[in-house]
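Please look first at the sequence and the model together, and then follow one part of the chain after another.

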Amino acid sequence: AYGWFVPFLAVALFIRRWPTRPGAEGRGQSSVVSDQSPDGSGQRSSAREVGGLLHRAAFQHFSVSAFVLLLCLLLLPLRVIIEINPDWPLVTWSLTLLVVALSFYAVYLAGGWSWVKYFAFPICFILVAVQWPYRIEKGLTQNLMQIVASLTVEIIGWFGIPAIQRGNLIELSTGVLGVDEACSGIRSFQSTLMAALFLGELYRLRWPIRLLLVGAGLTAA
């Protein structure tokens with residue numbers, strides 16, 4: 001339900017980092033250091049080193065561009081599959097990771113590898129809006145339902161109401177109550193994880209503090 005505004009938050013985090021971005025790297029640019037040796041051998045050696053560096057930089061850039069071209073060719077079949085199976089997490093994750101990779105390439109063209117590392121978090125933040133794989137979400141849902149049932153039995157016991165927990169069911173003297181998926185807390189779990197990651201990046205907290213914030217948010221959820 002919150003996934004639609006995650007892209008706007010990702011853009012806000014990108015803008016938040018923009019003023020302190022590192023200098024753009026000039027891909028394939030190198031400076032030649034002159035040598036004052038009389039026979040010019042030092043200059044020839046330096047020129048060969050610069051030529052080797054330029055060759056490696058060009059090959060690296062070509063490899064990255066070829067890989068991105070392959071990713072672009074995958075956009076059409078993935079889009080067709082997702083129109084047929086919109087709720088299939090595997091294809092949704094594949095399409096989102098492809099978009100993240102293309103975003104990294106755009107940043108790489110603009111500022112080089114230093115920008116890729118610097119803007120990695122805002123770009124990857126979009127992943128929190130993707131539907132979790134079924135096994136992970138179902139496992140969390142089942143565990144959360146039992147936790148909610150256990151807490152409920154404990155709390156109503158404080159008020160002198162006898163109750164017995166049977167899985168995600170609560171047996172009372174007047175009948176049986178069931179904790180359904182709507183009450184499992186999975187939505188709060190997912191949205192709180194997103195909020196904790198967003199706040200940690202917004203305030204540029206250190207990573208130990210961010211992990212503490214995530215843990216506190218998930219516990220509260």
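Contact here means heavy atoms within 4.5 Å, and helices (H or I, at least four residues) and strands (E, at least two) are DSSP runs, numbered from the N terminus. This is a predicted model, in which local features need pLDDT of at least 70 and side-chain atom pairs count only at pLDDT 80 or more, while totals for chains, interfaces and linings use all residues. Residues are numbered from 1 along each chain as its sequence is written, and side-chain values use heavy atoms, with hydrogens and water left out.

Within α1, Val6, Leu9, Ala10, Leu13 and Arg17 are buried, where buried means under 20% relative accessible area, exposed over 50%, and partly exposed in between (1.4 Å probe, protein chains only). What covers the buried residues of α1 includes α4 (113-118), α5 (120-124), α7 and α8 (207-220). On the other side of α1, Phe8 and Ile15 are exposed.

One of these covering helices, α7, spans residues 186-202 and holds Gln190. Gln190 counts as buried because its relative accessibility is 15%, and, leaving aside neighbours within four places in sequence, Gln190 is in contact with Tyr2, Trp132 and Glu137.

Elsewhere, Phe159 lies in the loop between α6 (134-158) and β1 (164-166), and Phe159 counts as exposed because its relative accessibility is 66%.
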